[in-house]
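Let's take a walk through a protein, piece by piece. Have the sequence and the 3D view open, and look things up as they are named.

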Amino acid sequence: LLPQAVAGLTDAGSYSFSISVEDGRGGYDVQTFELKVLPELRGSIVGHLFEDLDGDGAQDDGSENPAEPSLAGWQLYIDTNGNAYPDPNEPQTLTDTSGNYRFVGLLPGDYPIRVSPVAGYDVPNDAAQVAVTASREAAFDLAIEQLTLSHIRGQLQTEDGTAIAYWKAYADLDDDGRRGEN
């Protein structure tokens, strides 16, 4: 990973500047300085998502157990505000056809990584804190299991597919239109 320029900051390189100081009696002094600006070093988070059929946390290649497929097209995001919802201003990415994903250009620090819910799968409720260091790739792989038939987990959406945040849903088993015990 090579150093990357940061938008809005000065370019890396050497810059000269001078300061002139007056003593209030007509005298003055000028000093010139050389400032070397180094590029900001950034890191990245890379990883892999797969369907963990046997629940052991390791992807089986099919040599001993049934092969466990990679998960393509899954959304991951850095939950910067901790609301467990992928907001438009938060970094987001999708897994590729091999189940791989990548967040690049990250400043050193800890990042809360979340997987957006997908119907029928048990994604972690808590964000995973992944530490990023300058000029390094932090690896974070995730095993995803299918839900049993007694669990429902998903995301509320409008008719056009836009996600709805901060709403709760319930199963109205007695068809009375109200949330209750049944």
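## Aromatic pairs

Let's begin with the rings: a search of the whole structure turns up three aromatic pairs. To count, rings of Phe, Tyr or Trp (its six-membered ring) need centres within 6.5 Å; planes under 30 degrees apart are called stacked, over 60 edge-to-face, and the rest tilted. One of the pairs is Phe-17 with Phe-33, a stacked pair at 5.5 Å centre to centre and 25° between the planes. Phe-17 sits in strand E1 and Phe-33 in strand E2, so this pair ties together parts that are 16 residues apart in sequence. Strands here are DSSP runs (E, at least two residues) and helices are DSSP runs too (H or I, at least four residues), numbered from the N terminus.

## A quick note on the model

Keep in mind that this is a predicted model: local features need pLDDT of at least 70 and side-chain atom pairs count only at pLDDT 80 or more, while totals for chains, interfaces and linings use all residues. Residues are numbered from 1 along each chain as its sequence is written, and side-chain values use heavy atoms, with hydrogens and water left out.

## The overall build

How many helices and strands does the protein have? The tally is zero helices and eleven strands, and reading along the sequence gives the pattern β-β-β-β-β-β-β-β-β-β-β.

Of the 182 residues in the protein, 26% are buried. Take the contacts (heavy atoms within 4.5 Å) between residues at least 6 apart in sequence: 51% of them join residues at least 24 apart. The protein exposes about 12,600 Å², and carbon and sulfur atoms supply 50% of that. Such areas come from the Shrake-Rupley method with a 1.4 Å probe; for residues, only the protein chains shown count as cover.

Now back to Phe-17 and Phe-33. Together with Tyr-15, Ile-19, Val-21 and Leu-35, they make a nonpolar surface patch of about 510 Å². Patch members have over 30% relative accessible area and no salt bridge; nonpolar side chains (Val, Leu, Ile, Met, Phe, Trp, Tyr) are joined within 5 Å, and like charges within 9 Å.

Strands E1 (13–22) and E2 (28–37) each supply at least two residues of the patch, and E1 gives the most, with four. Tyr-15 is in strand E1, and its 32% relative accessibility makes it partly exposed.

## The nonpolar core

Which residues touch the most other members of the largest nonpolar core? Out of its 20 residues, they are Ile-45, Leu-49, Trp-74, Phe-103, Ile-113 and Ile-144. The elements that give two or more residues to this core are strands E3 (43–51), E4 (75–78), E6 (100–106), E7 (109–115), E9 (128–132) and E11 (142–146). A nonpolar core is a set of buried Ala, Val, Leu, Ile, Met, Phe, Trp, Tyr and Cys residues joined through side-chain atoms within 4.5 Å.

Phe-103 turns up again here. Leaving out residues up to four places away in sequence, Phe-103 touches several residues, including Ile-45, Leu-76, Ile-78, Pro-91 and Ile-113.

## Salt bridges

The count comes to three salt bridges, each being a side-chain nitrogen of Lys or Arg within 4 Å of a carboxyl oxygen of Asp or Glu. Asp-79 and Arg-114 meet at 2.7 Å, N to O. This pair links distant parts of the chain, 35 residues apart: Asp-79 is in the loop between E4 and strand E5 (92–94), and Arg-114 is in strand E7. Both Asp-79 and Arg-114 are buried.

Arg-102 and Glu-137 meet at 2.6 Å, N to O. Arg-102 is in strand E6 and Glu-137 in strand E10 (residues 137–139), again 35 residues apart. Arg-102 is partly exposed at 44%, and Glu-137 is partly exposed at 49%. Asp-23 pairs with Arg-25, with the closest N and O atoms 3.8 Å apart; Asp-23 is partly exposed at 43%, whereas Arg-25 is exposed at 73%.

Technical notes. Buried means under 20% relative accessible area, exposed over 50%, partly exposed in between (1.4 Å probe, protein chains only).
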